[in-house]
Every structure is written in C-alpha cells, then in structure tokens.
Protein chains: 2
Amino acid sequence: VRAEVISIGTELLLGHIVDTNKGHISRKMAEIGIDVLRHSTVGDNPKRLSALLRRSLLRSDIVFTIGGLGPTVDDITVETVSKTLSRKLVFNKQIAKQVRSYFKRRRYKFPEHSLRQAYVPEGAICPKNDVGTAPGLIIPLKDKVLICLPGPPVELVPIVQRDIIPYIKKHFKATEFIKSHSIRLAGIPEATVNTRVKDLLKLSGSTTLGIYARLGEVELKITSKAKSEKEYKKNVKKIVTKIRKRLSSFIYGTDDESLEEAVGILLKRNKKTLAIAESCTGGLISDRITNVSGSSKYFKMGVIAYSNKVKTSILGVPTEILKKHGAVSKECALSMAKGIKKIANADIGISVTGIAGPGGGTKKKPVGLVYITLVIDKKNISKKYLFSGKRNDIKILTSQLALNLIRTNLING
Amino acid sequence: VRAEVISIGTELLLGHIVDTNKGHISRKMAEIGIDVLRHSTVGDNPKRLSALLRRSLLRSDIVFTIGGLGPTVDDITVETVSKTLSRKLVFNKQIAKQVRSYFKRRRYKFPEHSLRQAYVPEGAICPKNDVGTAPGLIIPLKDKVLICLPGPPVELVPIVQRDIIPYIKKHFKATEFIKSHSIRLAGIPEATVNTRVKDLLKLSGSTTLGIYARLGEVELKITSKAKSEKEYKKNVKKIVTKIRKRLSSFIYGTDDESLEEAVGILLKRNKKTLAIAESCTGGLISDRITNVSGSSKYFKMGVIAYSNKVKTSILGVPTEILKKHGAVSKECALSMAKGIKKIANADIGISVTGIAGPGGGTKKKPVGLVYITLVIDKKNISKKYLFSGKRNDIKILTSQLALNLIRTNLING
C-alpha cells in the first residue's frame, strides 16, 4: 500500500511555517504498515494542485492533502478536488450546523461566508473537527482514497487518530508495519556513542539503528519493519539488549521520556526532595524540573542568584570565597549547593555557576566555564566543564549535565 | 524564474526528522526574487529520485536537491544525478584533499570509502563545505541549474549564503523579490487582532498581511513583492503605519525580537532592576529574562517558591494570608512581589502564583487560575487570569503575561 502527502499553502513555500504535519502523518502511517513514498508542497494555486493530485492518484493508493480547507478565497482545496475528480459539491447540513454552533459557542457573529465550508464533494465522508470549523474529508475512489485534512496541527492530529487510522485499517490490508523505539542517553558525547555502537549502525534489512544528537543528549532510534507486534518486539529487543550492555549507565529513558521526568521518577522512588541554586542557567533547571506534573512533591525551591550580593545574603556564600575564588569557582558552587539545601531543608542541593556569555569572559575564566555541585546527604560531588556555543546552548548543556548529575547519583546511591 | 526544492532521505518520509532546510532555502530565494513553486521529498530510492529530477528540470529553472551526499551506500544523490543527466563522474582532487584533511584535523583514522565523495558529475562547480565532508554541487545546464546541497542545516546554511545566492544572482535575472516584516504583539487575543486588521488581511496584490498566533503572542507578517528595496519599504510602511495606529499599545517588537528582549531594553532604558518570585511558572520567567545577554545588568534575583514554607520563610508571606486566602490568591501574589522586591533590593518585583495542573485544582480554584502582581516603586498592579491548556501551555501563557505586564508598566511609567 503506497501513500503520499501533499501540503497546500503559499506560506509553506515561502518558508514562513515549518510543516510538522507531514512527519506526523508519516509516523502514523508507518505504524500501521502504510509506506509513505512522497511528500510534496504546492502553493494556493489550483492549476498546480490539480496536476499534482492527478499524478498522485495514479501512482498512490492513499493520497493526503493538508490545508486549504478554510473559508477564505485562498482556500482552494475543496474546489480543486471537486473539479479534479469531477465530483460536484453538495451542501452538507451536518457540517453547516457544526460551523454555526462553533461561532455560537464562542459568541462570535456568524460570518455567512463560513457556510462555504459546508459544501463538500459528493460521496465524501466528513470526520468532525472538534477544534476548528473545517471538516476533514475522506473521499473513497474505487480501490483508492483521497483524504483532505485541515492544516493546523491541533485540528489535524485528533482527526487522524479518531477517524483516518481506523478507516485505513479497515479498507487497506498492510502486511508489514514500521515502528521505532528510542533509547535516550545523557552525559556521553555522540562520537563516543558512535564508536560503541558502530557495528549496529551498519545494520541493514528489517531492523536499523539511527543516531541523533541534540545538545547534551544522544538518541538511539531502532526502527523495525515487522509483520506482527511480536516480531517487532523481538527485533527491537535484540538490539536494545546490546545497547544496554554497552551503554547502560548513560541511558536515562526511552521514547519520549525527558531527562527531567527521569530525575522526577528517581526522586520519588528514593523519597528525596530537591532544591536548586542557579546562576548562569538563570532558572532553566528549575523550569525543567517543574515541567513535570507532580514535581511539587519533591521540588522544594529554587533560587536564581544572579548577583554576588544574592549569593551571600540568601544562599550564605561567605564573602571571603567570592573575594578569593570569585563567583565562578568550585568553592562558590559548593557553598551555593550547601546553602540552598539548608534554607530549603531539602535532601539534595544542586548548584550551577558559570559564564554563559557572550560577555563576561576573561582569559582565566572564559565563556563556557561552568561549575556544578551536588550535595546529597553528607556527600558532595563537584564538576567543572568548559562548554562552547552560544549563550542558550551553554544554558541548555549546563542544565542537561546538572540533571544528569542528580540522576546518576540517585541511581548509584 | 521558477525554482523547486527536493529533499532526499527515507528518515524524512518516516517523519523521524523535521525538515527545516526547505523553508530556509525558500526564504532565501524569495529575498532575491526567485519563486519557489514546489517542495518534494523522496526516500533513498534512485528510481523515484530520477523520475522526479527529470520532471523538475523540465518545469523549473533552478532545482535544489538536499541530502544524500554522504559517503554511505544510502547516499544516492550524486550517482542518480550523474545517470539522470548522463554526465560521468570525475575524480576531483581538491575535494579529496578536503576530505582527507577533515579527518586529519580531527585525528580520526581516514575511512577509504569517504573518497567516494570526491567523485562528482563532470562540469560541476563544487562549493566548499567547512563543516562536513560532503561538498555542495552546482551543475550548470544550459539556461538552468541543478544545485545539490548536504542535508545537515549547519552545513547547508553557510554554503547557500556564500556560494549559492551569488551564483543565482549572477546567472538569473529576477525582476522582483519577496521579503517579510513582522510586528509582534502580546496581551491581546488573536481574534481581537483579527477584528482590528480585518480589512488588511484581505489585501491582495503585491503586499499581503498574514496573522500567526502562538501561545500568548500574535505575529502580523507583512509580505511584499517589490522591484527595489525602496519600493519594498514603501509598501511595508503603508501597512505598518495602519497597524501601529490601531494596535500600538500591544506591539512589543518587530521581526525576531522576543518579549524578554523588549523587556530588557525597557529596563535598561528606565534604569530599573528586576526581581522575580515564581510559583506555578517554576523558573520559566527568570529563565526567559536571563536568555537575553547582558541581563545581569538589570536582573537581580529570582526565587521559585514552590511550597508554602518557602513563601513564608524566604519571601516573608504572612502565614495568615496563606491560611485565610491560600497560596493561589491575590493577597499572596502581592505579598510575594513585595517580598522579592525587598530581599533583592530591586526597583521592580513581580510574582506569579497559580495552578498549572493537571492536578491540584479545586472547584473554587481550578487548574489554570493564575495571579500576577507587579510592584514598581510604590505602585502595585494585580491581575487574575483563568487559562486553559496543558501544564506547559499555562506556564508559557503566564510567563508571557507577566513579561508583558512589566513591559506595559515601563512604557507608561
């Protein structure tokens, strides 16, 4: 079964919007065994869209169009589809009702031109749109199907899940599906991961391994083509076992799990509370920790001590340390971590101090120099790093390594 | 002059990577007056790529391919291009030297198969790649051109800027270019902006206006086709003037400016310092403020008071307030703002307290209830909001409104 996806919209061709819809549909199709072989984008141009639709419906079994379903004159999808398929537009009462109620619920005046959206090609099935006014369209064509979806991801995603996947599963028989499983690592550079799994990266055939690096984080993605869930799991397990053996201590999670979630789970499991003193990260570590729902259970407080005065008055860093070693020093980091642990009455105190740049660096203490200290019970661990990159890169990298420091100590502790 | 862009890579069709290259090239082409009329993506499949290349070179003057230039067997671009154009591959000494030196500089052992990258179609111009080993290719074809670029954005972006744009400017005469100018607004919902600029959104012709909404922020993008920079500026100014007249107090910046940058500029201009007490935003506001380089000039400190105890012990919120009104209350927000202003000895104190969810809501105080208080000199302003959305949406919305509250008060004060 071959599928392809067409996005419609001049704003995409101008590069004003990043298209995440195609990727979403592709992943969903792969999971149910549908091969997406082509992605295309055309502008709001009926002639070019029509030509592309004709060609796509010749070579593919399932054709998706995304966008151009709105009520304005720029929205050309329905009319172009109707002409290309020679199917007249018919008035759909149900959609008209939905569109009216959409405006009524919002207490907006009803714009009469919105009724345009109630005209759909004859024979179309119209999945409901709970978020916007544009209905989805499923247009069966003998043994093929044309599926038209609205462009905003918040509207498209639920329609795909609720209506499109069941429809395709019912009408198309896929023998194999493709799914991916990710292993997420922190505290290890991409090059080192690469060396350790080199042989696995060269795999070809039904199961392959890909490596994706982000700031302070590496993702190993196992993609497998299989005929059944059982076969898929077996394929994946073989590689996962090898990866775990070689890289176990760096693995913090799988699939969509974030490092802050992994830290949260460990804090809860170990019944430990956390307090954070940040300088150069400016609140990012606390922000990430509190992105996890339920984090109020273990996160007690954070202090962003951007000035020396705050380091002294709030965190109790002795002025002698600041004078002798400076704010960006191992000594200051230790004092900050002890200070925040104490005032928050927490089990764990962590601190970061450094120079995020672009200004503020000196020859002795360059931009990118960062100290991280973890105080847990009576133990303390200090780390020194020299990062390169822009201000935000340094903030993100520092937050990654700070979170990972908490993680590794909770696992080993 | 018509252009189109082809991305090559099965990982794109599987939705494993988001393609930002097409947008980048499209924006750059628009700026020099080249219309990009199509985007396509195919997998690592020579047959499908070849068919698409043939069609693209018939209908477009400039064809870009992105990706598939690496040294592995999956990298099919060069060979497919060579076959499709019937141009034999020739060994390019210069590239071979670059590839060798790439590995030498990194002290990696030289992988002999990397020399594959030194074979390029006859007649190709090869822009240097300063980041990776894959050279770019400019293949002139009578009055057309095929341009092959490496997939990683860090490699593609500099080649486009340094080599591709000058080449195209020299060989293709564009009479008009397209450029955009954005006006950014905060503190006003999209629907209201929409109502106020309705007439401008309907403009057609050489200058158009688009509206893009993000969490707590609206972007108005003016896109204009013009023959000269002077004409472009005149076109844009006409609309900008109208927008400013109608929405002036909500406009915080233009183009890529962020709300935290706008706040930073105002703080510096007014010579005011800032301290932040956060509860439900968990550090996000401080994180955003400190994303701006030079923020240490005006940002004194932040406290993330996630527990009642911290609100009392650090920020000095009286226990009676917490007992009588609760932590999520106007009274607590005011006390937090006053407290942080005092302990930081800052000119401005701002506080947020609320329920980000998904847990923690009650009938009286539901998820999404947020109080924001700003204390500036002897004045204080309190706001109450009821947001809907997920935990992170509520955090982002709250941070937007808090930053905007600082902004509007600095402008008016």
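User: Hi! Before we start, what makes two rings a pair here?

Analyst: Rings of Phe, Tyr and Trp (its six-membered ring) pair if their centres lie within 6.5 Å; planes under 30 degrees apart are stacked, over 60 edge-to-face, and the rest tilted. This is a predicted model, where local features need pLDDT of at least 70 and side-chain atom pairs count only at pLDDT 80 or more, while totals for chains, interfaces and linings use all residues. Residues are numbered from 1 along each chain as its sequence is written, chains are lettered from A and ligands numbered from 1 in the order in which they are written, and side-chain values use heavy atoms, with hydrogens and water left out.

User: Great. How many aromatic pairs over all chains?

Analyst: The count is 12. One of them is A:Phe177 with A:Tyr232: the centres are 6.0 Å apart and the planes at 50°, so this pair is tilted.

User: Where do those two sit in chain A?

Analyst: A:Phe177 is in strand S8 (residues 177-185) and A:Tyr232 in helix H9 (residues 229-247), 55 residues apart, so the pair links distant parts of the chain. Helices (H or I, at least four residues) and strands (E, at least two) are DSSP runs, numbered from the N terminus.

User: Is A:Phe177 buried or exposed?

Analyst: Buried, at a relative accessible area of 10%, and A:Tyr232 is buried too, at 6%. Buried means under 20% relative accessible area, exposed over 50%, partly exposed in between (1.4 Å probe, protein chains only).

User: Switching topic: how is chain B superposed on chain A?

Analyst: By a rotation of 180° with 0.6 Å of shift along its axis, giving an RMSD of 0.7 Å. The two copies are therefore related as by a two-fold rotation axis.

User: Last one: what does B:Ser114 touch?

Analyst: Leaving out residues up to four places away in sequence, B:Ser114 touches B:Pro71, B:Val99 and B:Phe103; contact means heavy atoms within 4.5 Å. B:Ser114 is in the loop between helix H5 (93-105) and strand S5 (119-121) of chain B, and is buried at 2% relative accessibility.

Terms used: Least-squares fit on C-alpha atoms with pLDDT ≥ 70 in both.
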